[in-house]
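Colleague: I'm new to this structure and would like a close look at one part of it, the pockets and the cavity. Could you take me through them and then show me how they sit in the chain?

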Amino acid sequence: MLVKIHGSAVFGVEAITIIVEVNIDKGIGYHLVGLPDNAVRESSYRISAALTNVNYKLPGKKIIINMAPADIRKEGAAYDLPIAIGILGASGQIQTDNISEYVIMGELSLDGKLQPIKGALPIAIKAKEEGFKYLVLPKENAKEAAIVSGLTVYGVDNILQVIQHFNEEENLEPTIIDAEEAFNQGEESLEFDFSDVKGQESIKRCMEIAAAGGHNIVLIGPPGAGKTMLAKRLPSILPPMTLDEALETTKIHSVIGKVKNSGVLRQRPFRAPHHTTSDVALVGGGQYPQPGEISLAHNGVLFLDELPEFKRSVLEVMRQPLEDREVTISRAKFTITYPSSFMLVASMNPSPSGFFNDENNIMSSSPAEMQRYMSKISGPLLDRIDIHIEVTPVPFEKLTEVKKGESSVEIRKRVIKARKIQSLRFKEFNNVHYNAQMSVKQIREFCVLSDESKTLLKNAMEKLNLSARAYDRILKVSRTIADLENSTEVTGNHIAEAIQYRSLDREGWLG
């Protein structure tokens, strides 16, 4: 007897429907074909033990299992459940009348219990697209998959429950979640708040501008100045994610199995990879393709602490994703595109010792050492960072102040207001939502300068020896400053403030 069970394979952040065909005939043997990896090949041992432990059996006949399409590599143990159900159906141990309406996935333990799988949300989205009515998967993944409306999701603990469901001995309870309600319920808890930061008012202002316009920012200063502390608090002032953004982010995290019982992700991701990370870990890929840190930071913040300590090759692979807001990984056997629209926040010391050219500090470095250290970061990468700001140590008087600073909630209100202005401005453009995403054409359209402002910018670029690459960045940042002040025009004051935030473009700024 031949039975067809529908499963799913996750490729990139999308799923592909897999048909598990099970045929049982006269003879003895177990043959699994269709490009399975080692984990799939080993499924026969798990299935045999699991069925025995729930009082069912693997038939002693010739079992041929084909996983179609046969040219796509099948990876992982999540095919245990569909193969097991296919064997039971083909051997007449369960009813298979309406089994074609189901997508079934799950990893089996030897006692018949189900282990969680990766990629439940992409699998659910694909199942709905292809017109399936039901999805059966482990209970830990049920909330995540139930976000998709129009699909009945059954979360199960044990293979016995699935068998009883198909034999109509006991019906499974569907998992029901209203995505909008789940997304909107309760307030986000802020672990880090800007009210904890003593002093550093100018840096807080910089972070507010960066959050309002989605600008990449680099913080330069000696150890203990508060660079990491400030960076960790940036997500607390970013606008809340929309439902579409949340689903898109959840989908990426689902692929690496980081969602499970939490359902839809509500907080913007904050990723801080160590400086020893590899280029594959940062951008994604590998033998079995996985999203990298820049994709896991999609719609959130990627924080690179001690930027010059990262290998140059690792930093250079970020250039294209920073520009295109997606990363395409091409290999001989596959090509995958992962979304990677993130805010880059980097921090760095100005020299190997960490201190500026300070005669009073025995650890201070010479200007030549500083310049050599700074040159580890390429010009094209700095070209993609809109704001450069120097962070100086906080004086003792500020550290001992009892008075708390402005809270993240207050700053966030201004940021949300500025983002709303930008949303209206770019409503006719598909891939532009905030100022940092503006193209050259849009900069010319929305950052029109008066003659007075043009003269100010020209003089600043000549006197401060600002590079040509700084021009567009200054205009983008000044547009954001204007939005924070609810100004339709970009004035000289906005330009003057934006010019201050291009430290690394100034010749001789270290001296």
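**Pockets, a cavity and their surroundings**

Modeller: Let's start with the second largest pocket, where strand S1 (residues 2-11) gives the most to the lining, with four residues. Bear in mind throughout that this is a predicted model. The lining of this pocket is made up of 29 residues, and those nearest its centre are Val 10, Arg 73, Glu 75, Tyr 288 and Pro 289. About 770 Å³ of space lies inside the second largest pocket. Sorted by class, its lining has 17 nonpolar, six polar and six charged residues.

Now over to the largest pocket, which holds about 1,200 Å³ of space. Here 42 residues form the lining, and Ser 341, Asn 431, His 433, Tyr 434 and Gln 437 lie nearest the centre. By class, the lining of the largest pocket comes to 14 nonpolar, 13 polar and 15 charged residues.

Helix H21 (residues 470-484) packs against helix H8 (residues 201-213) at an angle of about 95°, and the two axes are 9 Å apart. That makes H8 roughly perpendicular to H21. On the H8 side, the residues that meet H21 are Arg 205, Glu 208, Ile 209, Ala 212 and Gly 213, while H21 brings Val 477, Thr 480, Ile 481 and Leu 484. Split by class, the residues of this contact are five nonpolar, two polar and two charged.

Next, the cavity. The structure holds one cavity of 30 Å³ or more, and about 40 Å³ of space lies in the largest cavity. Its lining consists of Glu 14, Ala 15, Pro 122, Ile 125, Lys 126, Glu 129 and Lys 251. Strand S2 (14-25) and helix H4 (120-129) are the elements that give two or more residues to that lining. The largest share, four residues, comes from H4. As for class, the cavity lining has three nonpolar, no polar and four charged residues.

Ser 378 lies in the loop between helix H15 (367-374) and helix H16 (379-382). Buried means under 20% relative accessible area, so Ser 378, at 5% relative accessibility, counts as buried. Leaving aside neighbours within four places in sequence, Ser 378 is in contact with Arg 312, Glu 316 and Arg 319. Lys 463 is another story: this residue lies in helix H20 (residues 451-463) and is exposed, with a relative accessible area of 70%. Between Lys 463 and Thr 277 there are 40 Å in space, C-alpha to C-alpha, and the two are 186 residues apart in sequence.

Finally, stepping back to the protein chain. Its secondary structure comes to 22 helices and 19 strands. The C-alpha trace spans about 90 × 50 × 45 Å along its principal axes. Of its 511 residues, 51% count as buried. Among contacts with a separation of 6 or more, 73% are between residues 24 or more positions apart.

Key:
Residues numbered from 1 in each chain as written. Predicted model: local features only at pLDDT ≥ 70, side-chain atom pairs only at ≥ 80, totals over all residues. Heavy atoms only, no water. Buried < 20%, exposed > 50% of the residue type's maximum accessible area, 1.4 Å probe, protein only. Axes fitted to C-alpha atoms, helices over the stretch in contact; angles between N-to-C directions. Parallel < 35°, antiparallel > 145°, perpendicular 65-115°, else oblique. Contact = heavy atoms within 4.5 Å. Nonpolar A, V, L, I, M, F, W, Y, C, P; charged D, E, K, R; others polar. 1 Å grid on protein atoms, 1.4 Å probe; cavity = no way out; pocket = protein on both sides within 12 Å on 5 of 7 lines; lining within 4 Å. Points joined across faces, edges and corners; volume = space filled by probe spheres on them.
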